[in-house]
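Trainee: I would like to go through this model step by step. Please show me the sequence and the structure before I ask anything.

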Amino acid sequence: MELKRAQTLPNTIKEVIIQDIIRGEIQPRDKILEEKYAKKTGASRASVREAIFILVSEGIATKIENKGTFLNSFTLEEHIDLYHLRFFLENQALSKVCKIEDLSPLIEHLEELSLQMRVNMQAIMDKGGSREEMAHIGLLNYQFHYALVQFSGSRVLIERYPSFFVSLAFIQNELYLHQHSEVYKPLNEHDALIEVLRRRDFDQFAVILTEHHQDVLQLLERGAEKVFL
């Protein structure tokens with residue numbers, strides 16, 4: 001089901017880069033290669049350069065003169081600050097989604113993503129999972145949360161949200177790799193969000209969303225020593 005998206009070419013290219021970051025294909029301090037994304041997207045180098053400039057302007061990357069543009073790294077405190085901003089954007093999106101009469105496209109999309117996450121997680125639990133497989137679940141998780149923002153139809157929220165999510169992917173994927181069981185609670189909360197959305201109980205949706213974010217923050221704080229050494 002096609003949801004509402006940012007339409008400009010640079011933002012489309014930015015989304016491709018963001019998804020590669022969440023998959024772990026680009027790590028903090030890695031160079032973001034214009035040529036790679038020109039080939040991957042079929043866009044001009046100028047359009048890719050503009051997409052990378054957006055990442056720089058949003059604090060996700062840093063341009064170093066005569067060397068290129070590199071993905072930023074963040075401290076735990078910075079991760080937490082960005083996570084609070086992400087939560088604010090999701091609540092803003094919810095305030096707009098609740099005014100939309102037909103939520104069935106959003107609900108169907110969320111159900112599909114939730115099912116994919118459960119199937120992938122069960123496969124990992126059955127045979128053990130690699131960093132790449134956990135990163136794929138991280139990507140599905142991103143798509144789940146971003147779907148709410150996209151459905152709001154707000155260009156500002158749609159274009160800004162990915163940069164606030166991506167910083168968390170660096171640490172969250174690593175934590176889930178070491179603590180597989182921690183993934184199931186967020187998955188259950190995703191299903192609860194879908195159920196209350198189906199009933200149009202937006203107050204309860206906000207309550208569950210708050211609990212969901214608090215759980216992730218607690219995970220970050222408990223598992224910080226595994227990542228920030």
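Trainee: How much space lies in the largest pocket?

Mentor: Keep in mind that this is a predicted model. Rolling a probe the size of a water molecule over the atoms shows where empty space is left. For the largest pocket, the computed space is about 220 Å³.

Trainee: Which residues lie nearest the centre of the largest pocket?

Mentor: The lining of this pocket is made of 13 residues. Those nearest the centre are Glu-34, Arg-49, Ile-52, Lys-63 and Thr-69.

Trainee: Which element gives the largest share of the lining of the largest pocket?

Mentor: At least two lining residues come from each of α2 (34–41), α3 and β2 (68–71). The largest share is 5 residues, and the element that supplies it is α3.

Trainee: How many residues of the lining of the largest pocket are charged?

Mentor: Sort the lining by class: 5 residues are nonpolar and 2 are polar. The charged ones number 6.

Trainee: α3 also meets α1. At what angle do the axes of these two helices cross?

Mentor: Two packed helices are described by the angle between their axes and the distance between the axes. Here α1 covers residues 9–23 and α3 covers residues 45–57. Their axes come within 8 Å, and the crossing angle is roughly 65 degrees.

Trainee: Why are α1 and α3 described as roughly perpendicular?

Mentor: The axes cross at roughly 65 degrees. Angles of 65 to 115 degrees count as roughly perpendicular. The pair α1 and α3 is therefore called roughly perpendicular.

Trainee: Is the crossing of α1 and α3 left-handed or right-handed?

Mentor: Handedness is stated separately from the angle. For α1 and α3, the crossing is right-handed.

Trainee: How many nonpolar residues does the contact of α1 with α3 have?

Mentor: From α1 come Leu-9, Pro-10, Asn-11, Ile-13, Lys-14, Ile-17 and Ile-18. They meet Ser-47, Val-48, Glu-50, Ala-51, Ile-52, Ile-54 and Leu-55 of α3. By class, 2 residues of the contact are polar and 2 are charged, while the nonpolar ones number 10.

Trainee: Which element gives the largest share of the lining of the second largest cavity?

Mentor: The lining consists of Glu-90, Leu-110, Phe-144, His-145, Leu-148, Leu-193, Phe-205 and Leu-209. Two or more of these residues come from α6 (131–152), and likewise from α9 (202–227). The largest share is 3 residues, from α6.

Conventions:
Residues numbered from 1 in each chain as written. Predicted model: local features only at pLDDT ≥ 70, side-chain atom pairs only at ≥ 80, totals over all residues. Heavy atoms only, no water. Axes fitted to C-alpha atoms, helices over the stretch in contact; angles between N-to-C directions. Helix = DSSP H or I, 4+ residues; strand = E, 2+ residues; numbered from the N terminus. Parallel < 35°, antiparallel > 145°, perpendicular 65-115°, else oblique. Left-handed = near helix turned anticlockwise from the far one by under 90°. Contact = heavy atoms within 4.5 Å. Nonpolar A, V, L, I, M, F, W, Y, C, P; charged D, E, K, R; others polar. 1 Å grid on protein atoms, 1.4 Å probe; cavity = no way out; pocket = protein on both sides within 12 Å on 5 of 7 lines; lining within 4 Å. Points joined across faces, edges and corners; volume = space filled by probe spheres on them.
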